[in-house]
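This report describes the salt bridges and the nonpolar cores of one protein model. The sequence and structure are shown first.

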Amino acid sequence: MSFTEKEIENLNKELREKTPLEVVQWAIRQAKKPLVTTNFRPYEAAILNVCVAAQKDIPVIWCDSGYNTPNTYKHAEEVIAQLGLNIKLYVPRQTTAHRDVVMGIPGVDDPKHKTFTEQVKLEPFKRAMSDFTPDVWFTNLRKGQTALRDSLDILSLGNDGVLKVSPFYYYSDAALDVYLSDNALPNEFKYFDPTKVLENRECGLHTN
């Protein structure tokens, strides 16, 4: 499976008229090795719901930094059970307790922050992608989250050739609230990402 930039542009025009589930169903038909990633941040239940509706056993990659709030862990367990997710858990190679002694959680201006981000987020993610070698990657990226994400669309092509699919790309928080309510899906807002700190700061996974 391969698409040119022009084909991606034309497909995005067509897919804007589709529901998120229809977008996922279309992408699944193109895929040989699809997966979805999640961190169980707010509104993640939406993307997980449409993905399992399209393919029940789709691999769900959860890169757990080890710094999630108790609320997030409880929320994750609830969503996993409700949707019957095929969770593939990836965690950093060093424990949180060990890292707390070595460097703690460095601020974004601290030179150690780059190493911290690599350890708790990027390395587990790269390891997961290396293990699964997907051709289609479902994410819950949305327009308005960061400057980089504003430059994307429902479909975007990574430098590695993986087709990134964001079926809720044009949904606002209010629209997602309605979606979650209509589908009896839970949500949780007490979420913490130690690598981002600021909500509009890019996490590093979507820069390729």
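**Salt bridges**

A salt bridge is a side-chain nitrogen of Lys or Arg within 4 Å of a carboxyl oxygen of Asp or Glu. The model is predicted, so local features need pLDDT of at least 70 and side-chain atom pairs count only at pLDDT 80 or more, while totals for chains, interfaces and linings use all residues. Residues are numbered from 1 along each chain as its sequence is written, and side-chain values use heavy atoms, with hydrogens and water left out.

Nine salt bridges are found in the whole structure. In one of them, Arg127 pairs with Glu123, with 2.8 Å between the closest N and O atoms. These two residues are four apart in helix 6 (residues 112-132), and are therefore separated by about one helical turn. Helices (H or I, at least four residues) and strands (E, at least two) are DSSP runs, numbered from the N terminus.

**A link across the sequence**

Asp153 and Arg16 meet through their side chains in a salt bridge (2.5 Å, N to O). Asp153 lies in the loop between helix 7 (147-150) and strand 5 (155-157) and Arg16 in the loop between helix 1 and helix 2, so the pair ties together parts 137 residues apart in sequence.

Asp153 is buried, at 11% relative accessible area, whereas Arg16 is partly exposed, at 40%. Buried means under 20% relative accessible area, exposed over 50%, and partly exposed in between (1.4 Å probe, protein chains only).

**Nonpolar core**

A nonpolar core is a set of buried Ala, Val, Leu, Ile, Met, Phe, Trp, Tyr and Cys residues joined through side-chain atoms within 4.5 Å. The largest has 40 residues, and Leu48, Leu85, Phe138 and Leu155 have the most contacts inside it. Helix 3 gives the most to this core, with seven residues.
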